[in-house]
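Colleague: Could you walk me through this protein and tell me what the terms stand on?
Modeller: Gladly, let us look at it together.

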Amino acid sequence: MQNLEKRLKNELQQNNKVKIVHAARWSLPIHSIEVEYKPVKRTKMDVLMKMMLIAFQKAEIAGADQLSELLLVEQLFVEDLINIMGRTGLIEKKGDFFALTSKGNQQLENGVFEEEQEMESQIVLYSTSHEAFLSGDIKPAMDGEGELAIFRYVKEGYLDAELSFEAEQVIDALQTKVVETDMKDIQLVISEIQKTTELYVDDIPCFEFILHNKEEDIFYARVWNTLLERWDEVLENMLNEKERLAWREKYLS
């Protein structure tokens, strides 16, 4: 921690008109939440699937053998695709003939085939101070980390309080963690959240610096968030809004 703090101080004082008037360390509570969800695989629709959907849309097709003769395609391939289309809700039997569902019409129009995958789970990180999910990896505790005070503007009772966030926030956080596929024209997206479970809370060290720019005569805060591994504008703005007037009185008196 000392090496990191020294590097940050050097960076901040590269401008000789800027002086660090106060430095502190504290920890920011980060909630680890397990999310169970269903991903959807989106694939560019192949030619055979398009041809079959168009045939179901335009003609009265009763079975795979009829469609196989019409398209001059091996019946086994046609049967396999019919099973997939039925399972994914693209087609249905109306009386004796196949017909496209509204989902089938939509996917044919878009030229994209969507297929739900098995349930998966991921752990995402939530900060009540940011009221947002954060990207990063929880790292092993550094020396002295356990002795750090909690960030002074964290709400009391945060360990027992029920977290409040929108489903869209969870989906956005998950989407950044979904493993990218190497296969061309395939995209994995999150279709729905099944369940969220809070697991534990980690205390993330942060470095706070209060600076005075002598030339412009302004005070401002910089906060290094070790989870994000960058300067944290949200926490900086919070300190600036709440304490800037007090800094002038405290450090210039």
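**What the words rest on**

Colleague: Why is Leu 72 called exposed?
Modeller: Leu 72 has a relative accessible area of 78%. Buried means under 20% relative accessible area, exposed over 50%, and partly exposed in between, with a 1.4 Å probe and protein chains only. Leu 72 is therefore exposed at 78%.

Before we go on, this is a predicted model, in which local features need pLDDT of at least 70, side-chain atom pairs count only at pLDDT 80 or more, and totals for chains, interfaces and linings use all residues. Residues are numbered from 1 along each chain as its sequence is written, and side-chain values use heavy atoms, with hydrogens and water left out.

Colleague: Where is Leu 72 found?
Modeller: Leu 72 sits in the loop between α3 (64-71) and α4 (75-87). Helices (H or I, at least four residues) and strands (E, at least two) are DSSP runs, numbered from the N terminus.

Colleague: What is the phi of Leu 72?
Modeller: Leu 72 has a positive phi of about 55 degrees, although it is not a glycine. Most residues other than glycine have a negative phi.

Colleague: And what makes Glu 229 exposed?
Modeller: Its relative accessible area is 52%, so Glu 229 counts as exposed. Glu 229 also has a positive phi, near 60 degrees, and lies in the loop between β8 (218-225) and β9 (230-231).

Colleague: How many helices and strands does the protein have?
Modeller: There are seven helices and nine strands.

Colleague: Why is the protein called more spread out than a compact globule?
Modeller: Its radius of gyration is 28 Å, well over the 18 Å that the globule rule gives for 253 residues, so the protein is more spread out than a compact globule. That radius is taken over C-alpha atoms, and the rule is 2.2 Å times the number of residues to the power 0.38. Along its principal axes the C-alpha trace spans about 90 × 40 × 30 Å.

Colleague: Which residues of α6 are buried?
Modeller: In α6 (residues 167-175), Val 170, Ala 173 and Leu 174 are buried. They cover an arc of only 100 degrees around the axis, which puts them on the same side of α6; the arc is that of the directions from the helix axis to the C-beta atoms. On the other side of α6, Glu 168 and Asp 172 are exposed.

Colleague: What do the buried residues of α6 pack against?
Modeller: They pack against β1 (18-44), β5 (120-127), β6 (132-134) and β7 (186-213), where contact means heavy atoms within 4.5 Å.
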